[in-house]
Amino acid sequence: MPAGRAFRLYDRQRDRVVLSVPIETGDKLRLEIEHSFEHIPWYEYYTVREDGQFNLDAIAVAGYGAGIPAEMDVPTRVEDGLVWMEDINSVFPYFSWITSAKYMKGLTLNGEEIFDFRSLPDASRIRGEIITVRGYCHVRA
């Protein structure tokens, strides 16, 4: 991978990188999960900040129920069967997830799916972070 920044998913349990893709300021990530009790779709939308952290822009969920933030003081609207909570602006330096082979679905980068969490063993301990890639040098013989 050339020098720059990369978004990396790291399996802390198995001590291995499961995904590494180039990423830039302004890139958009979308996490898709299914609510484990309500069994409804839940989407989280993030923007990569200049400082390499993640800004939670919005959540879209197909209703309200256990664990779903219902009283956030943010603009809220209903569209296509989803409740959208926008302008959240919560910042995360990294993600720490314990995955679910059933309820954690996909991760997209700028509209393109880059990872399917169902490909991991259930209850994998995953860390998502932006790292600096120093690049590699080519040596000619």
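Biologist: Leaving aside neighbours within four places in sequence, what is L29 in contact with?
Modeller: This is a predicted model, where local features need pLDDT of at least 70, side-chain atom pairs count only at pLDDT 80 or more, and totals for chains, interfaces and linings use all residues. Residues are numbered from 1 along each chain as its sequence is written, and side-chain values use heavy atoms, with hydrogens and water left out. L29 is in contact (heavy atoms within 4.5 Å) with F7, I23, E44, Y45, Y46, F54, F95, L107, T108, L109 and I114.

Biologist: Which residues have the most contacts inside the largest nonpolar core?
Modeller: F7, L9, L29, L107, I114, F115 and F117, in a core of 31 residues. A nonpolar core is a set of buried Ala, Val, Leu, Ile, Met, Phe, Trp, Tyr and Cys residues joined through side-chain atoms within 4.5 Å. Buried means under 20% relative accessible area (1.4 Å probe, protein chains only).

Biologist: Which strand gives the most to this core?
Modeller: β5, residues 54–61, with four residues. Strands are DSSP runs (E, at least two residues), numbered from the N terminus. A second, separate core has five residues, among them Y43, A58, A60 and L82.

Biologist: New topic. Where is confidence lowest, and where highest?
Modeller: Strand β6 (residues 76–79) is lowest, at a mean of 84. Strand β10 (residues 112–116) is highest, at 97. That is pLDDT, the predictor's confidence in each residue, from 0 to 100.

Biologist: And what is the mean for the protein chain?
Modeller: The mean is 88, and 86% of residues reach 70 or more.

Key. Buried means under 20% relative accessible area, exposed over 50%, partly exposed in between (1.4 Å probe, protein chains only).
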